[in-house]
Amino acid sequence: VYADDLSKCLVTGATAKDKTDLVRWVFANSALHPQLSSLSRFTGDQRTAINRTVGRLFERLLTETCQAPFRDAMAYEGPQTIEMSFSVLGQVAMRELMSHPDVAKGFGELEGYLDSGKIQGAAQAKRD
């Protein structure tokens, strides 16, 4: 219950800019993975600025905007509620990002590379 309250507060308390900053943070740090690093180039200064921005965001949400739900979640459900609640905020932020027409169009292009007949056949195949 307390983690749910904190999650709801984070989602409603975060602005559109906050959600974009959160997605940028995930993107910038995901780009550090060796399998992704060639797809995006962030300078150390850019990554520092993004981390600083999201640090302030987390701090503001936990100590000002959602202080009471945060306090209660920590007291009754423990520190794991922070990760879970910010995960919910991250999911909402990503959903909003994915709803942008350009992003949706880009994901939609995958359909041109799928064999729908083969996929339907696999779904209807008899079990052994």
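Analyst: Let's start with a definition: the radius of gyration is taken over C-alpha atoms, and the globule rule is 2.2 Å times the number of residues to the power 0.38. Please keep in mind that this is a predicted model.

User: Thanks! What radius of gyration does the chain have, and what would a compact globule of 128 residues have?

Analyst: The chain has 19 Å, whereas a compact globule of 128 residues would have a radius near 14 Å. The box filled by the C-alpha atoms, taken along the principal axes, is roughly 55 × 40 × 30 Å. As for burial, 24% of the 128 residues count as buried.

User: Which secondary structure does the chain have?

Analyst: There are seven helices and zero strands. Along the sequence, the pattern reads α-α-α-α-α-α-α.

User: How are two packed helices described?

Analyst: The general idea is that two packed helices are described by the angle between their axes and the distance between the axes. On the α2 side, the contact is made by Lys19, Leu22 and Val23. On the α5 side, Leu89, Gly90, Val92, Ala93, Met94, Glu96 and Leu97 take part. By class, the residues of this contact divide into seven nonpolar, one polar and two charged.

User: And at what angle do the axes of α1 and α5 cross?

Analyst: The axes of helix α1 (residues 2–13) and α5 cross at roughly 40 degrees and come within 9 Å. That angle makes α1 oblique to α5. The crossing of α1 and α5 is right-handed. From α1, the contact uses Ala3, Leu6, Ser7, Leu10 and Val11. From α5, it uses Thr81, Met84, Ser85, Phe86, Val88, Leu89 and Val92. This contact of α1 with α5 has nine nonpolar, three polar and no charged residues.

User: Let's turn to sequence separation. Among contacts between residues at least 6 apart in sequence, what percentage join residues at least 24 apart?

Analyst: The figure for this chain is 74%. Asp5 and Ala68 are 63 residues apart in sequence, and their C-alpha atoms are 9.7 Å apart.

User: Where is Asp5 found, and why does Asp5 count as partly exposed?

Analyst: Asp5 is found in helix α1. Its relative accessibility is 36%, so Asp5 counts as partly exposed; the cut-offs are under 20% for buried and over 50% for exposed.

User: Does Thr12 count as buried or exposed?

Analyst: Thr12 also has its place in helix α1. At 69% relative accessibility, Thr12 counts as exposed.

Conventions:
Residues are numbered from 1 along each chain as its sequence is written. This is a predicted model: local features need pLDDT of at least 70, side-chain atom pairs count only at pLDDT 80 or more; totals for chains, interfaces and linings use all residues. Side-chain values use heavy atoms; hydrogens and water are left out. Contact means heavy atoms within 4.5 Å. Helices (H or I, at least four residues) and strands (E, at least two) are DSSP runs, numbered from the N terminus. Ala, Val, Leu, Ile, Met, Phe, Trp, Tyr, Cys and Pro count as nonpolar, Asp, Glu, Lys and Arg as charged, and the others, Gly among them, as polar. Axes are lines fitted to C-alpha atoms, for helices over the stretch in contact, and angles run from 0 to 180 degrees between N-to-C directions. Angles under 35 degrees count as roughly parallel, over 145 as roughly antiparallel, 65 to 115 as roughly perpendicular and the rest as oblique. A crossing is left-handed if the near helix is turned anticlockwise from the far one by less than a right angle, and right-handed if clockwise. Buried means under 20% relative accessible area, exposed over 50%, partly exposed in between (1.4 Å probe, protein chains only).
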